[in-house]
Amino acid sequence: MSGETGAGFLVVHTGSPDETRALGTALGRVLRARGARGAVVALTGPLGAGKTCFVQGLARGLGAGGYVRSPTFILVHHYPGPLPLYHVDLYRIGPSDLDALGLEEIMEGDGVTAIEWAAALPLPADHLSVQFAFETDDAARTLRIGARGERSRRILDELRSCVSSR
Ligand code: ADP
Ligand code: MG
């Protein structure tokens with residue numbers, strides 16, 4: 001795993017699914033240490049880029065129980081823990097169905113909400129984003145992590161120091 005920073009983003013190159021998971025775990029630990037209730041992590045990027053993989057690590061770092069899989073049929077998965085994880089996948093959701101999910105309440109709730117295909121969703125002012133991209137090597141990905149708002153910027157700074165001290 002290698003990281004670089006620029007323009008307020010943290011850019012990390014991962015060379016395997018485990019490295020992507022480890023980055024998710026690092027973020028989960030920071031969120032848990034801060035008791036970051038109501039934190040929102042928006043995940044964007046093409047199918048197979050590693051969003052779910054990242055959320056598996058996130059769950060581990062949060063101490064949220066259960067094995068994380070793609071929320072394909074159930075659109076919101078809840079993983080209980082000291083800081084519960086709500087894992088949402090909006091891939092198949094049309095804008096008209098969004099309201100029925102009650103995501104606003106979930107995002108303001110007691111846990112951390114990670115949302116795949118979040119582009120269609122109005123996000124709270126304070127949130128983290130992770131943009132996934134493929135690289136030429138099949139097992140390599142680029143993750144571009146950004147933060148909006150005071151709390152998320154602090155969280156990102158802390159994650160940055162975890163990544164650079166690795
Ligand atoms: P998404 O949720 O973005 O559709 P998934 O996390 O479900 O993607 O799947 C990512 C796929 O890519 C998995 O099959 C995983 O094994 C593979 N993969 C290969 N290299 C990486 C990497 N560096 N990071 C994450 N996943 C990777
Ligand atoms: Mg997925």
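Colleague: Hi! Which protein atoms are the donors of the magnesium ion, ligand 2?

Modeller: Hello! They are OG1 of Thr-52 and an OE atom of Glu-116, lying 2.2 Å from the ion. Bear in mind that this is a predicted model.

Colleague: Where in the chain do those two sit?

Modeller: In distant parts of it: Thr-52 belongs to helix 2, residues 51–62, and Glu-116 to strand 6, residues 112–116. They are 64 residues apart.

Colleague: Is Thr-52 buried or exposed? And what about Glu-116?

Modeller: Thr-52 has a relative accessible area of 14%, so it is buried. Glu-116 is at 3%, and therefore counts as buried too.

Colleague: Let's move to ligand 1. Which residues come nearest to it?

Modeller: There are 16 residues around ligand 1, and the nearest are Thr-20, Gly-48, Lys-51, Thr-52 and Arg-141.

Colleague: What polar atoms of Glu-116 and Cys-53 lie by ligand 1?

Modeller: For Glu-116, a polar side-chain atom is 3.1 Å from an oxygen of ligand 1. Cys-53 uses a polar backbone atom, 2.9 Å from an oxygen of the ligand. There's also Thr-14, with a side-chain N or O atom 3.1 Å from a nitrogen of ligand 1.

Colleague: How much of ligand 1 does the protein cover?

Modeller: 74% of the 580 Å² of accessible area that ligand 1 has on its own. Helix 1 (17–33) and helix 2 are the elements giving two or more residues to the shell, and helix 2 gives the most, with 3.

Colleague: And what classes of residue make up that shell?

Modeller: It has 6 nonpolar, 6 polar and 4 charged residues.

Colleague: Changing topic: how many aromatic pairs are there?

Modeller: The count is 2. One of them is Phe-54 with Phe-132, edge-to-face, at 5.8 Å centre to centre and 80° between the planes. Phe-54 is in helix 2 and Phe-132 in strand 7 (residues 127–134), 78 residues apart.

Definitions and conventions
Residues are numbered from 1 along each chain as its sequence is written. Chains are lettered from A and ligands numbered from 1 in the order in which they are written. This is a predicted model: local features need pLDDT of at least 70, side-chain atom pairs count only at pLDDT 80 or more; totals for chains, interfaces and linings use all residues. Side-chain values use heavy atoms; hydrogens and water are left out. Donors are N, O and S atoms within 2.8 Å of the metal (3.2 Å for Na, K and Ca); water is not among the atoms, so sites may look incomplete. Helices (H or I, at least four residues) and strands (E, at least two) are DSSP runs, numbered from the N terminus. Buried means under 20% relative accessible area, exposed over 50%, partly exposed in between (1.4 Å probe, protein chains only). A residue is near a molecule or strand if one of its heavy atoms lies within 4 Å of it. A polar contact is a pair of N or O atoms within 3.5 Å; within protein, one must be able to donate a hydrogen and the other to accept it, and residues adjacent in sequence count only if both atoms are side-chain atoms. Accessible areas come from the Shrake-Rupley method with a 1.4 Å probe; for residues, only the protein chains shown count as cover. Ala, Val, Leu, Ile, Met, Phe, Trp, Tyr, Cys and Pro count as nonpolar, Asp, Glu, Lys and Arg as charged, and the others, Gly among them, as polar. Rings of Phe, Tyr and Trp (its six-membered ring) pair if their centres lie within 6.5 Å; planes under 30 degrees apart count as stacked, over 60 as edge-to-face and the rest as tilted.
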